[in-house]
Amino acid sequence: MKREMGIDPLTGIPDRRFLETQAKRCVELAMRRKVSFACLAIDLDKFKMVNDTMGHQVGDEVLKDVAKKLQECCRETDYVARIGGDEFVLLALGENEEGLKILSKRIKENVEKVAKKHMIPSEYNFGVSVGISVYGENENHGFSGMFKSADDNLYAEKKLKDRRHR
């Protein structure tokens with residue numbers, strides 16, 4: 001069976017390779033049209049616990065459903081991809097700071113729906129962390145700088161959550 005280039009075989013959404021191509025286009029568009037461009041790094045919290053206790057088949061279904069919910073959060077100008085494991089990236093063009101906060105909240109609410117659908121016990125603290133980086137703050141490093149900044153912000157959020165759940 002031949003794998004379609006640029007599509008994640010489990011979730012059916014774009015993969016890292018497609019993401020990198022689209023990100024370059026977004027950076028060029030943001031520069032040309034002077035519009036904002038944001039990168040949202042998205043990582044599932046406690047996903048390993050779901051796989052370890054509920055099985056990898058359930059974990060795969062959770063990933064598929066999360067991918068669908070992320071797509072539902074997107075506007076026509078947004079772009080979502082699975083970059084590996086339980087990690088996703090969403091690119092948002094023309095979104096302001098308030099819009100990004102709303103988008104992040106919507107992502108978290110949609111992942112909660114996935115947890116309920118699959119009856120993931122609340123004591124697992126399953127959820128999602130989101131790190132955001134906006135073009136302009138890291139433009140000297142192109143998309144790689146933006147992604148690193150979004151990823152750093154994501155892990156800062158994860159550390160904060162871990163402290164709260166102790």
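**Burial, pockets and a cavity in a predicted model**

Mentor: Ser149 is buried, with a relative accessible area of 15%. Please keep in mind that the model is predicted.

Trainee: Why does Ser149 count as buried, and what is its relative accessible area?

Mentor: A residue counts as buried when its relative accessible area is under 20%. Ser149 therefore falls in this class, because its value is 15%.

Trainee: In which helix is Ser149 found?

Mentor: The secondary structure of the chain comes to five helices and four strands. From the N terminus on, these elements follow the order α-β-α-α-β-β-α-β-α. Ser149 is found in helix α5.

Trainee: What distance separates the C-alpha atoms of Ser149 and Ala41?

Mentor: Along the chain, Ser149 and Ala41 are 108 residues apart.

Trainee: What share of the contacts with a separation of 6 or more joins residues 24 or more positions apart?

Mentor: A contact here means heavy atoms within 4.5 Å. Of the contacts in the chain with a separation of 6 or more, the share from residues 24 or more positions apart is 67%.

Trainee: Why does the radius of gyration of the chain agree with a compact globule?

Mentor: The chain has 166 residues, and a compact globule of that length would have a radius of gyration near 15 Å. The two agree because the value for the chain is 16 Å. As for its extent, the C-alpha trace spans, along its principal axes, about 50 × 45 × 25 Å.

Trainee: How much of the accessible surface of the chain belongs to carbon and sulfur atoms?

Mentor: Of the 166 residues, 48% count as buried. The accessible surface of the chain comes to about 9600 Å², and the part belonging to carbon and sulfur atoms is 50%.

Trainee: Which residues line the largest cavity?

Mentor: The count comes to one cavity of 30 Å³ or more, and the largest cavity has a volume of about 30 Å³. At least two lining residues come from each of β1 (37-45), β3 (87-93) and α5 (142-164). By class, the lining has six nonpolar, no polar and three charged residues. They are Ala41, Ile42, Asp43, Ile83, Glu87, Phe88, Phe147, Asp151 and Leu154.

Trainee: Which element gives the largest share of the lining of the largest pocket?

Mentor: The largest pocket holds about 380 Å³ of space. Two or more of its lining residues come from each of α4 (97-117), β4 (127-134) and α5. The largest share, five residues, comes from α4.

Trainee: Which residues of that lining lie nearest the centre of the largest pocket?

Mentor: The lining of the largest pocket has 19 residues. They divide into six nonpolar, four polar and nine charged. Nearest the centre lie Asp45, Asn125, Phe126, Gly127 and Val128.

Trainee: Which element gives the most to the lining of the second largest pocket?

Mentor: The space in the second largest pocket is about 200 Å³. Its lining includes Glu97, Leu100, Lys101, Val130, Gly131 and Glu157. The most, five residues, comes from α4.

Trainee: How many charged residues are in the lining of the second largest pocket?

Mentor: Lys108 and Ser104 are among the residues that line this pocket. By class, its lining has four nonpolar and two polar residues, and the number of charged residues is four.

How values were computed. Residues are numbered from 1 along each chain as its sequence is written. This is a predicted model: local features need pLDDT of at least 70, side-chain atom pairs count only at pLDDT 80 or more; totals for chains, interfaces and linings use all residues. Side-chain values use heavy atoms; hydrogens and water are left out. On a 1 Å grid over the protein atoms alone, a cavity is a set of points where a 1.4 Å probe fits but cannot get out, and a pocket is an open set with protein on both sides within 12 Å along at least five of seven lines; lining residues have an atom within 4 Å of a point. Grid points are joined across faces, edges and corners, and a volume is the space filled by probe spheres set on the points. Ala, Val, Leu, Ile, Met, Phe, Trp, Tyr, Cys and Pro count as nonpolar, Asp, Glu, Lys and Arg as charged, and the others, Gly among them, as polar. The radius of gyration is taken over C-alpha atoms; the globule rule is 2.2 Å times the number of residues to the power 0.38. Buried means under 20% relative accessible area, exposed over 50%, partly exposed in between (1.4 Å probe, protein chains only). Accessible areas come from the Shrake-Rupley method with a 1.4 Å probe; for residues, only the protein chains shown count as cover.
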